[in-house]
Amino acid sequence: MEHPRKRPGIAMGTETEHSIYAESADPSVRRNFNKAVDALVREAFDSTQFMGPQVDRSFGGGFTQFLHNGARLYNDIQAPEYSTPECQNPYTMVVHEVAGGKIVEQAARWASETLGYPLKIHRKNSDGHGHAYGCHENYCIRPKLFKELVRDPVNPSQTVMATFLIVRQVLTGAGKVGVECHDESFPFQLSQRWDFCNQFRANVTRTNRPLIQTRNEPHANAEKWQRLHYIMGDANMCEISTYLKMGLTSLMLMLLQDFERASYNLPTFMEDVEHYHRVGQVISWDVDFVGRPAVEMTQRTGSDVVLAMSAPEILQRYIDRLAEYVEIRPFRDERERTIYRDVIERSQKYLGLIRAGQAQELYGTLDWPTKKWMLQRYMEKKGQSWVDATRDEYLQRRLRLIADHAYTWLDSEQGTYFKLLRAGHITKLVDESEVRNAVFTPPPGRPQLRTMVVNKLLPSIVPGGIDWDEVVVPNPMDPGKNWTIKLQDPMLVVNPLMRGLVEDSTNVRQMEKELKEMVRLQSMKEGL
Amino acid sequence: MPGREKKRRFREDPGPPKRDDTPPGERDPIDDLDEDADRHEQNIDTEEPDKQ
């Protein structure tokens, strides 16, 4: 491999659409999802702890706002959606996703008191009746790679990335009982989401969901950063599943970004890309990895080699390549390399267990093995097995209740995941103290700067004037017009100069101008 | 708006015990799964709106 120029990593975040149920004997209450979601987000927005100084402000007033920790909470199509702040490494990302779960759980408790009936919140991807909701991932990548990945014509970067996204479910799948939307009968599958993938590439999210989503909303300086929006990932409960999902995917993107020839020698599926979504489904259903999809590898000589490899074997090839890459990439600092090295070491270890037929050893570490062996132990205690689950409808219903509802319930006292956690069955990644801190404070980088600017400019900010990449205030020199403080670099590092500038500034125009220059110089030093 | 705040406080979470701290003989959570499942009976038949 050639040595790449020193570059920052990739900013990332997730958008989780939580499932919400109102517990009531009245069907009209149960069906009024909007009322439940609005009550939940209103409670969060009424909290000084979650909102910071913004809470007493009259701006906004709608059902979307940025929280003090840099996240965004809103009612999105009758679901409480939590977007984590943009994080600069996968570990911080996990801390903030777990913190988001705590915020939504707490807001649901408050809303339950106000409404007079309990609300239940779940981190899952479907209702079991053919309706899906997402846990979308965002990765801020360079425009050149973005174009390669989302636009015509189909090219090696696209097929390699698509293949990786399909086989990564071997480690990151959330696990699901049964199959939706297809005339297939499997008692358990790797992923919650693949049943709902219908095409290779498109700019839609609610119907005919694509493997490659082409949305072009960078929330950044589009000449330097574009936001890749990946919508087929699962909503995970196990922290380590989320860690590997975000860590491996961001590292793959860095590899493709840094090396023109990164796709060489990585296997891709033989099928036409228009059938890749079917491959993803078949792999999800093949939880014992019996099938061996046909794949091709393009050698440096240009010849194609056709192989039959199992999904874990294909994923192994990708992780081996990433293991080489993580050692040579000039990360900004060694902590970043240590985190990505940890992602690789864990992936190698866990994939090794899966390839050795010992996936049960990952009970409590990754989601799908946890669900599968939790259900298996449940059935064994009743003298039943997966064979019974294929023909006993009552048993199937019980398994769905346990895996899809009880396990995913965001209730730290009564949810099954949390009971397993308290009993020592679940391996945590992050510390509770870090999570608690993330409930109230933004992660390093742009969210930190955004929150500083927001706090500084209150109460001047115009209604709806906070976005990922800008804060808008009225222009005192020209009534009726606004000034926009641009925050367009998602990988910026907040240094003492920036902090001092924001804290001490008495002139918004000057602050905006100097901040812009500081960020420009920082980017220039990194060759951007 | 001033006065809107309900002064609600984020609940302290003591966090999980370490694996070694699990009291010996504590009830296996697998034995509670039927009870856990029963809590969601009302919701399993609820169709939710298609989201993203």
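## Close-up views of a two-chain model

**Thr16(A) touches Pro80(A), Glu81(A), Tyr82(A), Glu97(A), Arg123(A), Gly134(A) and Cys135(A), leaving out residues up to four places away in sequence.** Here, touching or being in contact means having heavy atoms within 4.5 Å. Before you look further, please note that this is a predicted model, in which local features need pLDDT of at least 70 and side-chain atom pairs count only at pLDDT 80 or more, while totals for chains, interfaces and linings use all residues. Residues are numbered from 1 along each chain as its sequence is written, chains are lettered from A and ligands numbered from 1 in the order in which they are written, and side-chain values use heavy atoms, with hydrogens and water left out. Thr16(A) belongs to strand S1 (residues 12-17) of chain A. Helices (H or I, at least four residues) and strands (E, at least two) are DSSP runs, numbered from the N terminus. With a relative accessible area of 3%, Thr16(A) is buried; that word stands for under 20% relative accessible area, whereas exposed is over 50% and partly exposed lies in between (1.4 Å probe, protein chains only).

**Ser126(A) sits in the loop between strand S6 (119-122) and strand S7 (135-141) of chain A.** Ser126(A) is buried too, at a relative accessible area of 8%. Beyond four places in sequence, its contacts are His131(A), Ala132(A), Tyr133(A), Lys176(A), Glu180(A), Gln192(A) and Phe196(A). One of these partners, Glu180(A), also makes a side-chain polar contact with Ser126(A) at 2.5 Å. A polar contact is a pair of N or O atoms within 3.5 Å; within protein, one must be able to donate a hydrogen and the other to accept it, and residues adjacent in sequence count only if both atoms are side-chain atoms. A polar atom of the Ser126(A) side chain also lies 3.5 Å from the backbone nitrogen of Gly128(A). Look for Ser19(A) as well: it is 107 residues from Ser126(A) in sequence, yet 8.2 Å away in space, C-alpha to C-alpha.

**Helix H9 (residues 276-285) of chain A is largely enclosed by the rest of the structure, because eight of its 10 residues are buried.** The buried ones are Tyr276(A), His277(A), Val279(A), Gly280(A), Gln281(A), Ile283(A), Ser284(A) and Trp285(A).

**In helix H16 (residues 432-440) of chain A, the buried residues include Glu432(A), Val435(A), Ala438(A), Val439(A) and Phe440(A).** Among the elements covering the buried residues of H16(A) are helices H3 (48-51) and H4 (90-115) of chain A.

**Where the chains meet, 41 residues of chain B contact 82 residues of chain A.** Together they bury about 5600 Å², 46% of it on carbon and sulfur atoms; this is the accessible area (1.4 Å probe) that two parts lose on being put together, summed over both. The interface has 11 salt bridges, each a side-chain nitrogen of Lys or Arg within 4 Å of a carboxyl oxygen of Asp or Glu. Lys382(A) and Asp34(B) form a salt bridge at 2.6 Å, N to O. On the chain B side, the elements giving two or more residues are helices H1 (33-38) and H2 (41-44), and H1(B) gives the most, with five. By class, this side has 11 nonpolar, seven polar and 23 charged residues. Nonpolar covers Ala, Val, Leu, Ile, Met, Phe, Trp, Tyr, Cys and Pro; charged covers Asp, Glu, Lys and Arg; the others, Gly among them, are polar.

**Chain B has a mean pLDDT of 73, and 60% of its residues reach 70 or more.** pLDDT is the predictor's confidence in each residue, from 0 to 100. Over residues 17-21 of chain B, pLDDT stays under 50.
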